[in-house]
Structures are given as structure tokens and as C-alpha cells.
Amino acid sequence: GAAEEEAAAAGEAERQRRRLQEARAELQGSDFWNSSLEILLRSLQGALADRKEVPVPAGEDALLALEELQLCPPALLPGRARWRCVCYGLGNFSSCFKARFQLAFLLLLLQELQIPEELCCIFDPAFSTLERELLGSLGFSVLSQNEEGKRPIHEPTLFYMVHCGKALYNNLLWSNWSAEALSNMVILGNSFKGIEERILTRIFQADYAYIAKILMATEEEALPSHNRYLDVFNDTAVHHFPWHKLREVPQETWNFQEEPVYHSEDQSEIIRNPDGT
């Protein structure tokens, strides 16, 4: 009956929570996590320093700046709006090993940057009811609408988009097509350089125009490769858009603001909002 179903669901939720804890503990003890965190902190530090017109430190100074940032994460830096986080396209973490480790990585990241889970919006049209409920119980803001990546930002925001379709990154850039918005953004996701290398130039410039146009103003650093997490984070990089590079983008590039349209053969790239809104 209903009581048995409820007990089974509660048992399954508990099992998933435990598996997630195990993945998190394993990841936290790995060299991969420590190296990845350093790369990410460098991007966040770069984004902050650049906005303040401070030269990005190098060598020993960079290490000191990193230590300072780790002691005092961006969320707590004086005079700075708190960082927020948005996660798209995580996948079915209850059944998929890769998605589970990606979620464990996200949880560690939020903890390290002192971003409360409620300041992290999360969405994937593939989430099951159990997954949505579990994410809610972990404190995440689970979105009910498919935004198709079209989310304008007004505060410093980290987008966690591991292995998402090209269209999702392109839509996100289109929704924030100004130096002001892009300088407030860090994207952890598929390497933009890798996207450029794997696609015909003509198609890249026509169908993914916003990724193509912003490459000149993108700082990208790849996450380290690690045998254990090869499939989990392959081709993943941290991207930010330094203010000094954004200022060099020609005005006509910013003037181009057509909403992206994708041909039917790109359907696998993005799951559309069925309402078409």
C-alpha cells in the first residue's frame, strides 16, 4: 500500500544520500579536487581583481592571494556582493556515476566558497521526482521551469555546467551580452576552445555566434586530467571574462543581440522548454 511505497522511497532517498556522501568524501581526499579548487579560485580571484582594476598577481604573490581568498572566500570579501551559483544539466545522479561525482564536486565547491545551497539554483529536465526531492532536502533551490540557459545575472555568479550542450552555453552568453554582466560570471563547463576546434568554422560562427564572438575575451583554464575522474570531468575548463579583455571587444559585437535559433538537427544539444516560453 501507500505506507510501503513511502517507506521504500524513504529508504531509496537514504541510500542515495549515503552514496553521495561517499563520493564527496572520496573526491575531497583526492589530488584532483585540490588542483581543481586552486584553478577555480584563480578564476574567481582574477574576476574580482580585474573588476577592481588591480593587476592579477603572479608567482609568489598569486599564492599569497590564493591563500587569502581561501581564508576569506569571495562570498565574504568586503564590499562585494555574495557569489551565487547556478547548475544546469547535471543528469540523473541517482543512477549515473558521473553525475553523482559532479554533484559531489558541486557540494564541495559550495562549502569551500561559503555559498549557501539556497543561493544555488539547479535544474535538469531529466531529474526524477526522487532527485528533485533529494536536492530540495540538501537545501538547493530546484527550479521548476526550463530556462534553456537564458538567465540574466545581476550579481557575481558561478555557472556549473559540466558536459552541457553547446546551445546552453550560447544561450547563457546571449542572455548576458554586455561587458558588465559577463565580467560578473565564471563558467565551469565544456572548454570553449574545444568547442571551436571540433566544429566547422562556418557552423560555429552561425549557430553558436555568442561563444564564437566572446572567445577573444575569454580566459580559460582546463581542470587537471585524472584517471579516476577521466569521464566525469573530461574536456572541462573554468572560464572567466576579464574586464580589460571585454573592453577591447568592438562595439558592433555588443550591438549584435539576435536571440539564438537552433536547427532541428541540434535537438540533442538542448532540451527545449515545452511551453516555448
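**A first walk through the chain**

Mentor: Start with Asn171, which lies in helix α6. Helices (H or I, at least four residues) and strands (E, at least two) are DSSP runs, numbered from the N terminus. This is a predicted model: local features need pLDDT of at least 70, side-chain atom pairs count only at pLDDT 80 or more, and totals for chains, interfaces and linings use all residues. Residues are numbered from 1 along each chain as its sequence is written, and side-chain values use heavy atoms, with hydrogens and water left out.

Trainee: Is Asn171 buried or exposed?
Mentor: Buried, with a relative accessible area of 1%. Buried means under 20% relative accessible area, exposed over 50%, partly exposed in between (1.4 Å probe, protein chains only).

Trainee: Which side chain does Asn171 join in a polar contact?
Mentor: That of Tyr262, at 2.7 Å. A polar contact is a pair of N or O atoms within 3.5 Å; within protein, one must be able to donate a hydrogen and the other to accept it, and residues adjacent in sequence count only if both atoms are side-chain atoms.

Trainee: What about Ser175?
Mentor: Ser175 is in helix α6 too, which covers residues 166–175. Ser175 has 17% relative accessibility, so it counts as buried.

Trainee: Which residues does Ser175 touch?
Mentor: Leaving out residues up to four places away in sequence, Ser175 touches Gly149, Lys150, Arg151 and Pro152. Contact means heavy atoms within 4.5 Å.

Trainee: Zoom out. How many helices and strands does the chain have?
Mentor: 13 helices and 7 strands. Of the 277 residues, 49% are buried.

Trainee: In what order do the strands sit in the sheet?
Mentor: β3-β2-β1-β4-β5-β7-β6, in an open sheet with mixed pairing. Two strands pair if DSSP finds at least two bridges between them.

Trainee: Which strands stand at the edges?
Mentor: β3 (141–142) and β6 (219–222). Each has a single partner strand, so one side of each is left without a neighbour in the sheet.

Trainee: In which sense do β1 and β2 pair?
Mentor: Parallel, over 4 bridges, with β1 at residues 84–88 and β2 at residues 120–123. Within that pair, Tyr88 has Phe123 of β2 as its bridge partner.

Trainee: Which strands does helix α4 touch?
Mentor: Helix α4 (residues 97–113) packs on the sheet and touches β1, β2, β4 (157–161) and β5 (185–190). Its direction makes about 165° with that of β4. Helix α6 lies across β1, β4 and β5, at about 170° to β5. Axes are lines fitted to C-alpha atoms, for helices over the stretch in contact, and angles run from 0 to 180 degrees between N-to-C directions.

Trainee: New topic. How many salt bridges are there?
Mentor: The count comes to 11. A salt bridge is a side-chain nitrogen of Lys or Arg within 4 Å of a carboxyl oxygen of Asp or Glu.

Trainee: Which residues does Lys150 pair with?
Mentor: Lys150 meets Glu148 in a salt bridge (3.3 Å, N to O), and Glu259 in another (2.8 Å, N to O). Lys150 lies in the loop between β3 and β4, and Glu259 in the segment after α13 (251–255), so that pair ties together parts 109 residues apart in sequence. Glu259 is partly exposed at 43%, while Glu148 is buried at 9%.

Trainee: Which residue forms a salt bridge with Glu38?
Mentor: Arg42, with the closest N and O atoms 4.0 Å apart.
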